[in-house]
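The following dialogue is intended for a reader who meets this structure for the first time.

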Amino acid sequence: MRLNVIKTYKLYVGGKFIRSESGYTIERHSKDGEFLGHACKGSRKDLRDAVKAARSAQAGWAGKTAYNRGQILYRIGEMLEARSEEFAELMHAESGASLEECLKEVETAVDRCVYYAGWTDKLDSVIGTVNPVAGPFFGFSVPEPTGVVGIVADPSTALIGMLSQVLPVISTGNTCVVLPADDYPLTASEFGEILSTSDVPGGVVNILGGVQEPLNPHLAKHMDVNAISLSNAAADTEDLYVSEGAENLKRIRSGEADWMQPDAHSLSEIQKFVETKSVWHPVEA
Amino acid sequence: MSSLSLASLLSPGAFDRPVDQVGANERAAKFTKRSIKTEAKHQGLLMAISMIDLTTLEGKDSPGKVRQLCTKGIQPDPEDLSLPHVGAICVYPSMVRTAASALEGSGVNVASVATAFPSGQLALSERLKEVEQAVSDGADEIDMVINRGAFLSGRYQEVFEEIVEVKKACGPAHLKVILETGELESYDNVRRASHIGMMAGADFIKTSTGKVSPAATMPVTLVMLEAIREHYLETGRKIGMKPAGGIRTSKQALHYLVMVKETLGDDWLTPDLFRIGASSLLNDILMQLAKQRTGAYQSADYFSND
């Protein structure tokens, strides 16, 4: 007879698994009432710390070669594949969806990692341009990351929505702070463990946990957050981000999506979080 | 050379009473546990601004950079005109004229490092010339470094006499004596050096140049504050304190203010007796104040990069 060790699911901030500074946790139960564990409840100050971590990691992440970022994204897929059954079981317990459905979701997630991993070192050639200019100059336009992105995770899925929001954002060198869906904090925290074993540098993806609603206004107003990703969000949530995010002209991605479709991925998801830098260069005689 | 003897000035105890290192560390850590919120925090941050010696000590300093810093020192945040000005702008001697003309009539002092800052490794005559030049160019305050080589060799009388000479060369300017605690090895030495500096005529004692790590720490500052108290109780003279280097956040600044208040009392909570040598601290405070004013967390993108 031994006592089961019930896991406390931590926040993932700056590459570390931490409890909330507030000390609050939320009890999580499966649909049939079984106790699954405690999820740490991210507070306003945890959000502040997470944005700080994302900001300080951004230059280093953007400075890696696109090829290297692609390898790291691919590795996220590898780690997810290796732990797919364990992951699916947690999702099954937390969401109540069948184990089969959950396994399917993890598989789709792995495929999505491979898709976005492939884009990292091709993006510049595909959307960068050599511009026709009237003079002895070259004119280049190249994509650069927007900066720090706030991700309000898709509320309708445990993993695939959040992952489909995170991957295009980080593929180009952005860093992000994720507010997980209220119903799936354990899956989100577990995804942090995948990231921490995938060579993703600390601070590139920061995952809070708990309840989105009290954090929304602080994320929307944060002057050091450059863009927001929403997916299948309530209309009033989107309104909040649009109006409060205007102060520093945040880019906002929103809309409805069925992320389980095998082709629910696209180059345009990446383009929503890049800025175009144009350079003039004299032609040498 | 001065005919004064250090030994005759120091009371017994100032040299041979050891500092309790563990006690100092623990006491200093306690000052970081006070809860200072909203209105008290606001007042504390305003006070901290008025005590900043806004510093630029880089090889790449230019007159333009110094003028920009002076403008910022006078009016820290163009979006909030109610903020106080900083205590002083601290520059290299070659920039004193530029700073003095930019700060004229503003109430912000010009502080200049001198005496072959940061190492102090020049002949005394050269160091004195540098001080005189800085003062005649318009410096209100001189930040000198002590002769650490002499100090660590036990030539305390020499260290003392050099400070006395520098103080003379300062004329009307205030003298801050930098101990460079990161090179002094022990709290006992910090305490000894503090007493030598104060006995030799320092108006302020200062922890560090900012060029040596560790720079200012809370326990070291506490040891120096205790020495200032001993000096005050013996002589009745109030000496100022300036921690410098490594104080970058609003929270740290508030910790230091708490330590000064709880060690020396309200009398020392004025820019005349307490300064913080810093460069990036000011922006952090401005961002905190903007957060309080607007409710939104701030970004360094919107504050001047200096």
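Predicted model: local features only at pLDDT ≥ 70, side-chain atom pairs only at ≥ 80, totals over all residues.

Q: What is found for C102(A)?

A: For C102(A), the closest cysteine sulfur is that of C113(A), at 17 Å, again too far for a bond. C102(A) has 2% relative accessibility and counts as buried.

Q: How is the packing of two helices read, and at what angle do α2 and α7 of chain A pack?

A: Helix α2 (residues 66–82) of chain A packs against helix α7 (residues 185–196) of chain A at about 120°, and their axes are 9 Å apart. The two helices α2(A) and α7(A) are therefore oblique to each other. The crossing of α2(A) past α7(A) is right-handed. From α2(A), the contact involves I76(A), M79(A) and L80(A), while α7(A) contributes F191(A), I194(A) and L195(A). By class, the residues of this contact are six nonpolar, no polar and no charged.

Q: Which residues meet where α8(B) packs with α9(B)?

A: In chain B, helix α8 (residues 156–170) and helix α9 (residues 187–199) have axes 8 Å apart and an angle of about 40°. This angle makes α8(B) oblique to α9(B). The crossing of α8(B) past α9(B) is right-handed. Y156(B), V159(B), F160(B) and I163(B) of α8(B) meet N189(B), R192(B), I196(B), G197(B) and M199(B) of α9(B). The contact comprises six nonpolar, two polar and one charged residues.

Q: Is H231(B) buried or exposed?

A: H231(B), located in helix α10 (residues 218–235) of chain B, has 3% relative accessibility and counts as buried. Beyond its neighbours within four places in sequence, H231(B) has contacts that include H195(B), M198(B) and M199(B).

Q: Where is A216(B) placed, and what does it contact?

A: A216(B) belongs to the loop between β6 (204–206) and α10 of chain B. A216(B) is buried, with a relative accessible area of 12%. Apart from neighbours within four places in sequence, its contacts include T207(B), S208(B), P243(B) and Y256(B).

Q: Which peptide bonds are cis?

A: Most residues other than glycine have a negative phi, and most peptide bonds are trans. The bond from F117(B) to P118(B) is cis, with omega near 0°; P118(B) lies in the loop between β3 (109–113) and α6 (124–137) of chain B. Another cis peptide bond joins S213(B) and P214(B), with omega about 0°. P214(B) is in the loop between β6 and α10 of chain B.

Q: What is phi of E180(B) and of E185(B)?

A: Phi of E180(B) is near 50°, a positive value in a residue other than glycine. Phi of E185(B) is likewise positive, near 75°. E180(B) lies in the loop between β5 (174–178) and α9 of chain B, and E185(B) is placed in the loop between β5 and α9 of chain B. E180(B) counts as buried at 0% relative accessibility, whereas E185(B) is exposed, with a relative accessible area of 70%.

Definitions and conventions: Residues numbered from 1 in each chain as written. Chains lettered and ligands numbered in written order. Heavy atoms only, no water. Disulfide = S-S within 2.5 Å. Buried < 20%, exposed > 50% of the residue type's maximum accessible area, 1.4 Å probe, protein only. Axes fitted to C-alpha atoms, helices over the stretch in contact; angles between N-to-C directions. Helix = DSSP H or I, 4+ residues; strand = E, 2+ residues; numbered from the N terminus. Parallel < 35°, antiparallel > 145°, perpendicular 65-115°, else oblique. Left-handed = near helix turned anticlockwise from the far one by under 90°. Contact = heavy atoms within 4.5 Å. Nonpolar A, V, L, I, M, F, W, Y, C, P; charged D, E, K, R; others polar.
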